[in-house]
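Subject: Structure handover

Hello,

Here is the structure I promised you. Please open it, keep it beside this email, and follow along.

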Amino acid sequence: MFRPSPRSQRFFPLLMFLLLFSVPVYAEDGPEQPAVASAHPKATAAGREILEAGGNAFDAAVAVSAALAVVEPYGSGLGGGGFWLLRTADGREVMVDGREKAPAAATPDMYQDAEGEVIEGASINGPKAAGVPGEPAALAHLAGEYGELPLAESLAPAIRYAREGFAVTERYRTLAEFRLEVLRRHPRAAEVFLADKEVPEVGTVIRQPDLARTLERLAAEGRDGFYAGPVARELAESNQAAGGLITREDLADYAVEEREPIAFEVAGHRVVAAPPPSSGGVALAQILRMLEAKGYGEAEGAARTHLLIEAMRRAYRDRAVHLGDSDFVDVPMERLTSRDYNAGLAATIHPEKALPSAHLPGPPAARGGRNTTHFSVLDGKGNRVAATLSINYPFGSGFVAGDTGVVLNDEMDDFVAKPGEPNAYGLVGGEANAIEPGKRPLSSMSPTFVEGPERSLIVGTPGGSRIISMVARAVAGFVHDEGGAEALTHWVERPRYHHQYLPDEIQHEPGAFSEEERAALEEMGHTLAEMDRTYGDMQAVLWNRETGTVKAAADPRGEGEAKVLSPETP
């Protein structure tokens, strides 16, 4: 069911490629201190527990992923999927693709009415919005192919959290309020996540005994504990009974994929990022190479912001036109990420004028998750993981599959429901991302590694369509040495802005620009749209390979925690 492991001969061409890179790649001593940064303190604690038990970064990744599935039911879960970007201590790199897949019965027009119009909410709410989950298969794969501990040991913290419960926070309340109507609509979801069909108060303990039993079956039986037997039967039958499409055959046929990451050199740094069905790696390569071609490192103030916005505009346009699941469509990755192509795009950027998006040819006739999650792990041997996981909208589809305790995703919204129609996040796309049976929807999730001459960065964030722009700014900050002595904190905490081709506006957090900067950008022809909230929840780890020191940062916008462990940790 799985692709060959990285221990096979498939990595020989990649290793030869690395030997020819201009940035040195060499054996490293491990860091002085392992580190875990995740979106929830209990998930960070789970990762720490497994590292202290002798597990490696990949075991910790299993523990953190499963813990987040329990304590962040609005962000990820066993009913969702994600991308786990891995680098082993000896320099091997791979992305484990646990993205959801369209059920076999899915059709391109399944969310359209008889007149061909998109049915509002159909691809977001309820069981029909769900793709076939990939996270459980990915966790079993990580443990079996890369971990040093049994899967059951790495899942133990999550099982404990599901039985003992976790306390409701303000963030939980905000997101439950946002999805209250849909949670009320589905009795199992209302029973678990609400209190008498209302948003529970801060401090209320949420216990999930059904989910604990599903996790225990996964721990005992591995992949088949979820994709076969009683769990698969209950998940499929409850989904279909409520109008969904997932069958037991869909579950039995699901397989993770191991994919070669996108790797490229920019300004003396080597960036490793997610390939399709993520759009992150391609877009990051485009943005960073355009910035390099335009002299971003020497620009200042509004001129620097303008260059980044214009690079975003062009990269998101290409995302809309060209990108999809490369198992189903021909994605011209080599051309899109090449220096020559991006130098050509950069040449169209005027240093003082915005180019209206209407002047860029769009998709031929578009439809990433509002509430996702990310974590970064580094162990004492130098193994590292950057993982971004999602169920798309907060609480996914809002549907809990029978007595499995599993909240199903609504990732089908990441496909194109109808060419020319934006999805819930305003993203547009073309036929490359149309719905097909067994296809993975295009994603913005962008787990990323950056290798500099002295330092290594592990970074990622949730944030739907804005993920790419957030990660691009963090990587640009690292590459161009922005932020001074507190650089890591600066990259993670600074105010954010975003442009995604359509709508043609700079969306930005409150206070992102001074009045002088706003005026300068508007003079260039940009339209600014201030949001009423902050966004993202970046988790990053920075390792100085020369000194061995490690720093970790959790985004203050969220409730996460970054921990650098003591040197005694195995």
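**The hairpin and its sheet**

A263 has V272 in β8 as its bridge partner. A word of caution before we go on: this is a predicted model.

Strand β7 covers residues 262-266, and strand β8 covers residues 269-273. The two pair in the antiparallel sense, over five bridges. Together they form a hairpin, with two residues between the strands. Look at A267 in the turn: its phi is positive, at about 50°.

Now widen the view. Strands of a sheet pair through backbone hydrogen bonds, either parallel or antiparallel. Here, six strands form an open sheet, and the pairing is antiparallel. The order is β7-β8-β11-β12-β16-β17. Strands β7 and β17 (550-554) stand at the edges. Each has a single partner strand, so one side of each is left without a neighbour in the sheet. On average, neighbouring strands of this sheet are turned by 15° against each other, direction ignored.

Q539 has A554 in β17 as its bridge partner.

Helix α17 (residues 467-479) lies across β7, β8, β11, β12 and β16. Helix α17 runs at about 170° to β12.

**Two packed helices**

Two packed helices are described by the angle between their axes and the distance between the axes.

Which residues of α3 and α5 meet? From α3 come D59, V62, A63, A66, A67, V70 and V71. From α5 come L151, S154, L155, A158, Y161 and A162. By class, this contact has 11 nonpolar residues, one polar and one charged.

**A loop residue**

Last, find A89. A89 lies in the loop between β2 (81-87) and β3 (93-98). At 34% relative accessibility, A89 counts as partly exposed. Leaving aside neighbours within four places in sequence, A89 is in contact with K381, G382 and N383. K294 is 205 residues from A89 in sequence and 35 Å from A89 in space, C-alpha to C-alpha.

Best wishes

Definitions and conventions:
Residues are numbered from 1 along each chain as its sequence is written. This is a predicted model: local features need pLDDT of at least 70, side-chain atom pairs count only at pLDDT 80 or more; totals for chains, interfaces and linings use all residues. Side-chain values use heavy atoms; hydrogens and water are left out. Contact means heavy atoms within 4.5 Å. Helices (H or I, at least four residues) and strands (E, at least two) are DSSP runs, numbered from the N terminus. Ala, Val, Leu, Ile, Met, Phe, Trp, Tyr, Cys and Pro count as nonpolar, Asp, Glu, Lys and Arg as charged, and the others, Gly among them, as polar. Two strands pair if DSSP finds at least two bridges between them. Buried means under 20% relative accessible area, exposed over 50%, partly exposed in between (1.4 Å probe, protein chains only). Axes are lines fitted to C-alpha atoms, for helices over the stretch in contact, and angles run from 0 to 180 degrees between N-to-C directions.
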